[in-house]
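Please look through the sequence and the model below before reading on.

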Amino acid sequence: MSWHPPYRSSKFRHVYGKPASKDQSYDGLPITRGVHDNHCCAVNPHFIAVVTECAGGGAFIVISIRRTGRVDPHHPRVCGHRARVLDIKWDPFNDHRIASCSEDCTVSIATSSHNLTAAMATVKVWEIPDSGLKENLITARKELLGHSRRVGLIEWHPTAKDILLSSAYDYQVCVWRLDGARVVVKTPVCVIRVHTDLVLSVGFSEDGSRLATTCKDKSVRIIDPRTGHLLQESCGQSHKASKVLFLTDLNLLLTTGNSRWNQRQFALWDPEDLTEPLLEEDVDGGSGVLFPFYDPDTHMLYLAGKGDGNIRYYEVSAEKPYIHFLAEYRSLLPQRGMGVMPKRGLDTKQCEIFRFYRLVCVKDLVEPLSFIVPRKSDGFQEDIYPMTAGKEAAMTAREWLTGQNKGPVLMSMRPSTKVQNPYPAPVDSGLERSTSSAYLSGPNKLFLQEVNQNSEHDLTDLSGWQEDETQWVSARSTPSRGVRWCESAAFPPPAAEKELLQVFYSQQEEIRSLREQLEHRDSRIQQLELEMKNIRNQLRASF
């Protein structure tokens with residue numbers, strides 16, 4: 001038996017939870033008392049949406065993320081459903097579009113745009129300005145009619161635009177395409193009918209090529225969302241899974257649920273083989289559902305129980321024992337549901353790595369809760385803020401339906417970071433190229449200023465610059481241009497900004513693959529050493 005040290009070094013070992021003060025919270029919200037096991041809250045960098053109690057139908061409220069404090073009890077709401085709202089989700093690629101489902105067997109899509117007019121109200125577009133709602137909204141942009149019973153779950157595709165998934169009490173999971181012109185959509189692009197009981201949770205993989213589901217029949221399934229074919233199914237009955245999510249960067253699957261002795265627990269699975277879990281660990285004897293949240297940038301797992309006041313957080317690795325307990329945040333106020341701010345909305349100056357929005361029903365309060373890495377420096381911390389998923393979609397709905405798989409488009413969390421073209425722009429042919437900064441303007445001058453700040457020498461005066469054929473294209477080859485491009489025969493400069501972005505994203509993919517190879521290097525070395533040892537033993541035994 002190998003020995004493990006009692007303490008494990010980690011940069012997130014001292015992460016702590018910091019709740020917001022009451023004036024920075026959202027007070028006076030009549031949070032829903034429904035018994036459905038959903039988050040009932042959705043957050044993005046512009047808005048926060050909360051499912052509320054409403055007589056005579058279903059409603060949820062949408063307010064500006066900066067409008068903290070006491071909320072007006074007569075604040076306008078979204079009242080497009082005829083029954084209780086069960087789930088709401090913001091579009092990851094459009095901060096002004098939100099999806100909601102309810103017990104009236106419909107799924108509604110609301111959107112906001114400053115370019116819309118009142119005349120377009122006939123197509124059921126919900127216009128939500130940046131400052132929040134000014135009046136109740138009763139119509140929606142699209143209505144999806146395909147389930148025979150109430151719809152309980154919805155989920156957006158993580159990388160493809162205009163793809164939405166819904167699950168209902170008719171045991172069916174429908175995949176919808178929303179880029180069409182029809183207002184009322186009655187035909188989904190795919191209907192998944194492999195479940196024998198109520199679907200409790202759904203989760204996409206990182207590129208959206210696989211779909212994981214948990215069912216009331218205690219089975220965990222992995223499905224192809226394009227065709228509806230069943231890829232994997234668990235056969236064990238010891239773990240009753242309720243929630244599921246992919247740990248995509250580690251190629252693992254996590255479920256939370258209950259054991260046969262009714263203990264709350266989580267289990268870790270290999271997505272390629274669901275015959276038995278890799279790890280099962282009991283948490284406590286509580287009765288509420290455990291909501292799992294995973295941050296692929298920091299490899300941290302958060303477990304928050306419905307009706308609990310505490311949140312446990314762990315660090316996940318690809319090697320045994322896989323999950324390492326870090327600490328626990330405790331509060332006296334129980335939470336009904338949780339909303340999560342996307343990474344692009346966090347405060348990097350405070351070293352904030354995760355932010356919850358806890359729904360506290362006993363006080364009609366939505367409390368922001370930030371998890372912070374304690375650091376002495378106020379600068380940008382690159383080690384805890386790697387490239388993360390951005391707001392831009394990686395592909396269209398048509399591309400995904402034709403079989404393409406793409407990871408998320410990454411962005412940097414460094415403040416005011418932009419991808420700039422490092423090549424000088426061409427000028428008129430009648431002007432001669434000058435190396436003095438007096439003839440540079442716009443992005444070229446800014447580029448030289450940035451280079452000067454990062455260099456020990458002054459590059460504005462280039463009078464002593466000596467050209468050679470490896471640095472500049474010969475002036476004879478391009479006599480009509482006043483500026484000669486810095487290029488080589490093997491790597492010509494991109495002809496347009498779009499090509500430059502494609503080169504940038506391809507380089508990011510190559511960097512990611514190299515990092516994955518480095519992470520698996522040690523395990524591969526150990527495996528090869530064991531194989532060599534076994535071969536050596538076999539040779540000795542043969543002689």
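**Rings, cores and a cysteine**

Phe47 has a relative accessibility of 1% and therefore counts as buried, in a model that is predicted. Trp90 is likewise buried, with a relative accessible area of 9%, a value that falls under the 20% cut-off for that label.

These two residues also belong together as a pair of rings. A pair of aromatic rings is described by the distance of the centres and the angle of the planes. By the rule used here, the structure holds 14 aromatic pairs. In the pair made by Phe47 and Trp90, the ring centres are 5.7 Å apart and the planes stand at 20°, so the pair is stacked. Because Phe47 lies in strand β4 (residues 47-52) and Trp90 in strand β8 (residues 85-91), the pair ties together parts that are 43 residues apart in sequence.

Another pair, formed by Tyr313 and Phe371, is edge-to-face, with 5.1 Å from centre to centre and 75° between the planes. Here Tyr313 comes from strand β27 (residues 310-316) and Phe371 from strand β31 (residues 365-372), so this pair ties together parts that are 58 residues apart in sequence. Both Tyr313 and Phe371 are buried, and they are members of one aromatic cluster that also contains Phe293, Tyr302, Tyr329, Phe354 and Phe356.

In soluble globular proteins, nonpolar side chains tend to be buried together. The largest nonpolar core of this model has 57 residues, and those with the most contacts inside it are Ile48, Tyr302, Ile353 and Phe371. A second, separate core of 17 residues includes Leu250, Phe266, Leu268 and Val316. Returning to Ile353, and leaving aside its neighbours within four places in sequence, one finds contacts with residues including Phe12, Val15, Met300, Tyr302, Phe371 and Tyr385, and also with Asp295 and Lys343.

The charged end of Arg150 sits over the ring of Tyr169, at 4.1 Å from its centre, while Arg260 lies over the face of Trp261, 5.8 Å from the ring centre.

The last stop is Cys215, which is found in strand β18 (residues 211-215) and, at 1% relative accessibility, counts as buried. Not counting residues up to four places away in sequence, Cys215 touches His195, Asp197, Leu198, Val199, Leu200, Arg221 and Ala241.

Technical notes. Residues numbered from 1 in each chain as written. Predicted model: local features only at pLDDT ≥ 70, side-chain atom pairs only at ≥ 80, totals over all residues. Heavy atoms only, no water. Core = buried A, V, L, I, M, F, W, Y, C linked by side-chain atoms within 4.5 Å. Buried < 20%, exposed > 50% of the residue type's maximum accessible area, 1.4 Å probe, protein only. Contact = heavy atoms within 4.5 Å. Phe/Tyr/Trp six-rings, centres within 6.5 Å; stacked < 30°, edge-to-face > 60°. Helix = DSSP H or I, 4+ residues; strand = E, 2+ residues; numbered from the N terminus. Lys NZ or Arg CZ within 6 Å of the ring centre and 35° of its normal.
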